[in-house]
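The explanation below may be followed with the structure in view.

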Amino acid sequence: MNIFSGIEILFFWLGVLTTLSVGVLFYLNRAYRFDWKSWSLSGMGVFLLIFCVAWSASSVLEGEPQAAALGLVFFGCPAVVFFLLARRLVIPGKNAEND
Amino acid sequence: MALNLTGKKIPKLHLRFDQMIELTSLDVNKMKSPTKTIHKKAGKLGRRDFFKLGALGAALGVTGASQVAGNAASKALDKATDDTVFKSPGHDPFELKPGYPYRRFDEINTFQSTGPMRRDAKVIPKMVKFIWPGFDNDQVGYRQVDWALSKAGQSLKFKMKTLEGKWDQERFDFTMLDLKPTDMEDDGKKKPDILKILEGNYVYPEKAPFKTKQEATDAIKRAARLYGADLVGITPRDERFDYQAFFDPKNGRRNWKDVPFEPKSVIVMAFEMDYEAMTAAPTHVADGATGDGYSQMHKTSYQMAVFMKCLGYQAIPSNNDVGLSIPYAVKAGLGEVGRHGLLITYKYGPRIRLAKIYTDFDFVEYDKPIEFGVQEFCKRCMRCADVCPSNAITKAINPTYEPEFQDESNWFVNPGFKKYYNNLKKCFDFWVENGNGCSSCISVCPYNKPDFWHHRLVDKISAMLPGPVHSFMREMDKIFGYGNTYDEGAVKRFWSSKNKKYLGYK
C-alpha cells in the first residue's frame with residue numbers, strides 16, 4: 001500500500017482542494033459580491049475542476065493514460081470556461097464599464 | 001518552576017480567567033499584552049503561532065469534516081441510486097417461447113469440449129492445433145513467454161482432475177464431476193474414513209448446527225471468498241439448466257441416475273480475471289488470464305465441495321460440467337446475460353469465470369436475480385459484435401427465441417429461451433486459427449473496467465438514462481481508449497515492471 005499515491009490519498013487531496021476552493025470563493029465573494037449567476041458559474045467550475053482532477057488521477061492509477069488525457073479535455077476545459085464566464089460577470093471588462 | 005522545551009526554568013503562570021480568555025482570543029490588540037510576551041518567552045509559542053496552528057487545525061478539521069460529511073452523503077446517494085439501478089425482474093428472467101418444446105441441453109453438445117469432435121471428425125486436428133499451438137518469438141503476444149503464460153495458467157485445471165479419482169482422470173473436458181465417491185480401493189476393499197477425509201471425499205455423518213439460514217449462508221459465502229471466489233450467490237436447483245446427460249470421450253455417457261444424491265441448491269461463484277492481461281486480447285497473454293480463471297474455478301469449487309461435505313452434506317464441484325453456469329449465475333443474482341452470451345456482473349463486467357457446487361443443503365437464504373440495465377445497453381452498444389474477429393456475435397437489435405443461422409452451428413446452442421444467439425462454431429474456428437482462446441468480446445465490453453469509482457458512476461448514470469445515452473456512452477468508451485484489441489502496447493504493459501513493485505517497496 002502506497003502512502004503518497006493511490007486512491008485513498010487522492011480523495012484526501014480532493015477534500016483539501018474542495019475546502020480551499022470553497023474558501024477562495026467566499027473570499028472572492030467578500031471582495032466582489034457575487035450574484036446568483038456568478039455563484040452558479042463558479043460553483044459549477046469548482047465542481048468540474050474537482051471532478052476533472054478525480055477522473056484523470058483515477059485513470060492514471062488504473063493505467064489508462066488516454067482516459068486521463070481525455071478527462072482533462074472533457075471536464076477540465078468546461079471548468080475553465082465556467083471560471084472565465086464567472087470572472088467576466090464579477091469583474092466586468094473595459095467594454096462593459098464603458099457600457 | 002517548570003522546564004520549557006530547551007530545559008530552561010520558566011516562571012509558573014498564575015492566570016486569571018479573563019487572562020486565559022485573552023490567550024485564546026482572536027482580538028489582535030490583545031496579542032500585544034504582557035501575558036502574550038511572557039508566554040512567548042516561556043514556550044516560544046506565541047499567540048500568533050497558536051492562531052496559525054488553530055487555522056491549520058481548522059482547515060484540516062473542515063477537510064476531515066467535509067470528508068466525513070461527504071462519506072455520509074455518498075452512502076445516502078449510493079443507497080438511493082442502488083435502489084434505482086438494481087431492480088428485481090419480478091419474474092423468471094428466462095423467457096421461454098410460448099409452446100416451445102424446450103429440452104434440456106446435452107453435455108455432448110458443448111462446443112468447447114466434446115461436441116465438435118463427436119459431430120465432425122475434421123475438428124480433431126483442429127483441437128490438436130488448438131491445444132498445442134506453438135509460438136512465434138517475432139510476434140508480440142504470441143512469443144514463447146506469452147504461450148508459457150497461457151499454458152501454465154490453465155495447468156491447475158488439468159492437475160486437479162487427477163486429484164478427483166478414477167472418474168475424472170481421463171476426462172478430456174474441463175470437468176471435475178465427482179458423481180461416485182471413490183469409496184473403494186483398487187483391491188476392492190472399502191476405504192477407511194480417515195483416507196476418505198484426506199481425499200476430500202468424506203461426508204461427515206453429523207450435520208453442522210446452524211441456527212438460522214442467514215448464519216449458514218454467511219458461512220458458505222465467507223468460505224467461498226476465503227478459497228478465492230470474488231462473487232458468491234446461492235440459488236435453488238433448476239433442472240432446466242442441468243445437462244440432460246453427461247458425456248466424456250473416455251467413459252461415454254452418464255446421466256442423473258448416476259448422481260448419488262438429489263441436489264437442492266447450487267452455490268455459484270465468480271472469479272475475476274486479470275484486467276491488464278485481458279486488455280491484451282486476443283493474444284496468449286489474455287489467454288493466460290482465462291486459463292488462470294479456469295484453475296481458480298477448479299481449486300475453489302473442489303475446496304467448497306469438501307467444505308460442504310465436512311458440514312455433513314453431499315456436494316459436487318462443477319465447472320463447465322453438470323449444468324449451465326450462466327443461467328445459474330443469473331438466478332443467483334450475480335448479473336445479467338450480455339449480447340456476447342456471457343454473464344455481465346456489476347463489479348467486474350464479463351471479466352469473470354464461473355464455477356458452482358451442487359449440494360443437498362437447502363437451509364440457506366437464496367439470492368434473487370437482479371437487473372441493472374445490461375439488456376437495454378446491449379441493444380445499442382454492439383462493441384463486442386463489431387470487434388469479434390470471426391463475426392460470431394449477432395448484430396440483431398433484440399434478443400430472439402432461436403438463432404438466425406440454421407446450419408451445423410446449431411449443435412452448440414439450445415433454442416427456446418429469449419436471448420442473443422451467437423455462432424459458436426465460428427468462434428471456435430477462430431480459436432483454432434489464433435492458437436488459443438480469444439476474449440476480445442470480454443476485453444472490449446464497456447462493462448469490463450477495473451473496480452474504480454468513476455466506472456461505477458458511469459454505469460449507474462447509464463442504467464438510469466434512456467437508450468440514446470447508451471449510444472453516446474459507447475462512443476465515449478471508445479474515445480477514452482477503453483477496449484482496444486490486438487494492442488501490442490497492452491502486451492508490453494502487462495510484462496513491464498513499471499508500477500508493479502514486486503518486492504513490495506520498489
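The model is a predicted one. Where chain A and chain B touch, 12 residues of chain A and 15 residues of chain B make up the contact. On the side of chain B that touches chain A, helix 3 (47–85) and helix 18 (453–464) of chain B each contribute at least two residues. Helix 3 of chain B provides the largest share of this side, namely five residues. Sorted by class, the side of chain B that touches chain A consists of eight nonpolar, five polar and two charged residues.

Attention now turns to strand 10 of chain B, which spans residues 352–359. Eight of its eight residues are buried, and strand 10 of chain B is therefore largely enclosed by the rest of the structure. The criterion for burial is that 20 or more other C-beta atoms lie within 10 Å of a residue's own. In a regular strand, side chains alternate between the two faces of the sheet. In strand 10 of chain B, B:Ile352, B:Leu354, B:Lys356 and B:Tyr358 point one way, while B:Arg353, B:Ala355, B:Ile357 and B:Thr359 point the other way, and all are buried.

Which strands are joined to strand 10 of chain B by bridges? One of them is strand 6 (residues 265–272) of chain B, which runs antiparallel to strand 10 and is joined to it by eight bridges. Within this pairing, B:Ile267 stands opposite B:Ile357. Strand 7 (residues 315–318) of chain B also runs antiparallel to strand 10 of chain B, with four bridges between them. Here B:Ile316 has B:Tyr358 as its bridge partner.

Methods
Residues numbered from 1 in each chain as written. Chains lettered and ligands numbered in written order. Predicted model: local features only at pLDDT ≥ 70, side-chain atom pairs only at ≥ 80, totals over all residues. Contact = placed C-beta atoms within 7 Å. Nonpolar A, V, L, I, M, F, W, Y, C, P; charged D, E, K, R; others polar. Buried ≥ 20, exposed ≤ 12 C-beta atoms within 10 Å, placed from the backbone. Pairing = 2+ DSSP bridges.
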